[in-house]
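Here are my notes on the model, as numbered points. Have the coordinates open while you read.

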There are 2 protein chains.
Amino acid sequence: MSKENPRVVIIGAGFGGLRVARELNRAALQVTLIDRHNYHLFQPLLYQVATAGISPEEIAYPVRAILRKQRNLEFRLASVEAVDFSSQRLQTSTGEISYDYLVLAMGSETNFFGLESVARNGFGLKELDDAVSIRNHILRMFEVAVHEPDPEIRRAMLTFVIVGGGPTGVECAGALAELIRLVLIKDYPGLNIRDVRILLLEALDKVLAPFPEPLREVAAKTLWKKYIELRFGAAVINFDGQCVYLKSGEAIPAYTLIWTAGVSAANLAGRLGLHQGRQGRIIVKPTLQVPDHPQVFAIGDVAYLEDSQGRPFPMMATVALQQATIAAKNIPRHMKGEPLHNFIYDDLGSLATIGRSSAIAQIGHFEFSGYLAWLMWSVVHVYQLIGFRNRIIVLINWAWDYFLYDRAVRLIIPDGT
Amino acid sequence: MSKENPRVVIIGAGFGGLRVARELNRAALQVTLIDRHNYHLFQPLLYQVATAGISPEEIAYPVRAILRKQRNLEFRLASVEAVDFSSQRLQTSTGEISYDYLVLAMGSETNFFGLESVARNGFGLKELDDAVSIRNHILRMFEVAVHEPDPEIRRAMLTFVIVGGGPTGVECAGALAELIRLVLIKDYPGLNIRDVRILLLEALDKVLAPFPEPLREVAAKTLWKKYIELRFGAAVINFDGQCVYLKSGEAIPAYTLIWTAGVSAANLAGRLGLHQGRQGRIIVKPTLQVPDHPQVFAIGDVAYLEDSQGRPFPMMATVALQQATIAAKNIPRHMKGEPLHNFIYDDLGSLATIGRSSAIAQIGHFEFSGYLAWLMWSVVHVYQLIGFRNRIIVLINWAWDYFLYDRAVRLIIPDGT
């Protein structure tokens, strides 16, 4: 690693940041990758950790192990406190770092839209410890409910409210329904399944909004078949830990609220003094450069860019990955004074699963659902998991679930709460 | 489950408690099994969680899943606060339970022998969260050490002191040496391996004391070959988090101390008002009954009983399992007024591993070491793991370690500290 090579600092080891680091493998650059965690998190399967299907270790992979062979890379476990764009320096929890190029790839975090009681008493589902906390909480609810004599309290303990009809909410509701109806019912012989309710609350009038109407209908029907009460126009305004209050005045006694109804750009984005678009995302040019800061790029969930029809690119792994490739190309081009590439999104389609043998898929003009879509969902997700061993272990756990109607890891373990 | 059947309450779902519950499967009894955790912990592999070889989920198995088919059993997630032997009632964190027979099987906990600074700044290695805390701490030490400019502080961050030359200390030291020298050295290219020290401190003059002299010699040599500084007559008196102080006056700068030098009966044992032997263990008769309380049995680590030569039975899984079988036979016999069995220990031998391809074994009159002992150790431990899926996953992780010189799960995740 030559001292003269310019330094690229990448903030965030999610899908985008990791891809930028990898694609700069052969560039004459020093690359520093910073993350608060020492692992890359495979967020699409986070809901399976929350519902006891797989263990946290299976969707988290040490960054140093992923990038071990990359000679021009240094990893730093730290959180970024501030960026001084004029002197090109970062302040981190482990000291200062100067950069020649900066890639902002911090991703997004749960947005409770200022609902403090929900933030305090409910669960988000974005981080590994969110998922472990949810798993612990659900299992604890069953442990206390079986000994609860008051039927009203018992029902509230066994009522699980999931807020948000996007992919995370739908996948989480489906997996939770299966955990309870296929597995926990066997663990708790004294339990009356009629005491269990799962509600999926959506403030607007559709689930899985980006999918076309017929697939959304399939998804809604599948949810109902799993005894999930799907409610439209249901806006949560308060949750005190024992009851969920809706804007309509309705009160739903429930001890569990999982909030998947909103995300915004990571907190750091708002502290940088840059122009922000919707959801606090940092506005970028089509080259992914931050205006007035040609040596600063932003990609993925944290970047705000509109397509040719004026719609912002969605917060999705595929967008982050494709933007990472463009950013990694544009940095060396900028160094050499060559013209930069504009980001063009290649929509590979969308997949969402609602549980056993059930998913919906939109690939180009093809729309399909059911078993085939579920198989495709499984193959795509296992393939994308980093690490050969993790792929095998997740496959074993899924096969276990699928054939034995069991769940692998329903443990209540310390979760830092 | 008939209301008239007498109730057996078992405290603790470790090796002993679980075995009693299982063996009472067909008895005309109501069995209530109480534990603070919802899982059975396979303690012999705990050190592998601490050294990032396997994940916590692989050595913990939900009690309800293990005992799901047992119709006369109820599991209760609770901690026991007190026992009233005269009215035959337990106070627990989730209410009162009355019993006709009581089995005390709470096991043991780390004993710091009153060394408060060690208890506060060091780690025990008895519970699942101990192991996760150690894993997080070791990995954090490497993350901070690579950026530490002061060489004295850096060396202290990379000095790992393990106290206690019993099987846990030896296995932990061996696994830690391999984690560092085979895996972490690749993760931290800026790291100078000469800065790393692992010390195994033993207050007396032998490691693995129950094994015969020639095998102890093999173990000591194997530890040295792994660059573990094995020190005899080294008694720790203080640890402030940055330096370990010995009785001799020696000070060893080190940020990590793992204490495996002592265990005592679980805390509850001391609060019951029963007669206690060494290590706070509850004195039992050869029938495993507590004197003056014919309907109360104690087994495993929490029970104190001497063999025919006046030596207390060791705190080992095999003793707990064999005592469990006797207790499960004696309860129905006591109900029927039949004479009770006395406990006779069938010593199946001992196994201990010091790392890759290296172990020592004593089976009856056979003593051997090396690869064959290591293979036997592996087979025995995988076989004893509860759950077919856990066996497969542990095997995959071990094969991964063994053939690729890698470690599966070196993640820093929330650990409740």
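Predicted model: local features only at pLDDT ≥ 70, side-chain atom pairs only at ≥ 80, totals over all residues.

1. At what angle do helix α1 and helix α10 of chain B pack, and how far apart are their axes? The angle between α1 (residues 15-23) and α10 (residues 317-336) is about 30°, and the axes are 8 Å apart. The axes are lines fitted to C-alpha atoms over the stretch in contact, with angles running from 0 to 180 degrees between N-to-C directions.

2. Residues are numbered from 1 along each chain as its sequence is written, while chains are lettered from A and ligands numbered from 1 in the order in which they are written.

3. On the α1(B) side the contact is made by B:F15, B:G16, B:R19, B:V20 and B:E23. On the α10(B) side, look for residues including B:A317, B:A320, B:L321 and B:A324. Contact here means C-beta atoms, placed from the backbone, within 7 Å. By class, there are 8 nonpolar, 3 polar and 2 charged residues (nonpolar: Ala, Val, Leu, Ile, Met, Phe, Trp, Tyr, Cys and Pro; charged: Asp, Glu, Lys and Arg; polar: the others, Gly among them).

4. In chain A, look at α1 (residues 15-23) and α9 (residues 317-336), which pack at about 30° with axes 8 Å apart. That makes α1(A) roughly parallel to α9(A), and the crossing is right-handed. A:F15, A:G16, A:R19, A:V20 and A:E23 of α1(A) meet a set in α9(A) that includes A:Q323, A:T325, A:A327 and A:A328. The contact divides into 8 nonpolar, 3 polar and 2 charged residues.

5. Chain A as a whole has 11 helices and 25 strands, which are DSSP runs numbered from the N terminus (H or I, at least four residues, for helices; E, at least two, for strands). Its radius of gyration is 22 Å, close to the 22 Å from the globule rule for 417 residues, so chain A is as compact as a globular protein of that length. That radius is taken over C-alpha atoms, and the rule is 2.2 Å times the number of residues to the power 0.38. Buried residues make up 50% of the chain (buried: 20 or more other C-beta atoms within 10 Å; exposed: 12 or fewer; partly exposed: in between).

6. Two backbone spots to check. A:Y227 is not a glycine, yet has a positive phi of about 65°; this residue is in the loop between α8 (213-225) and β13 (228-232) of chain A, and is partly exposed, with 13 other C-beta atoms within 10 Å. B:Q279 also has a positive phi, near 60°, and lies in the loop between α9 (267-270) and β19 (282-283) of chain B.

7. Finally, B:E229 sits in strand β13 (residues 228-232) of chain B. Leaving out residues up to four places away in sequence, B:E229 touches B:R197, B:I198 and B:L199.

How values were computed
Contact = placed C-beta atoms within 7 Å. Parallel < 35°, antiparallel > 145°, perpendicular 65-115°, else oblique. Left-handed = near helix turned anticlockwise from the far one by under 90°.
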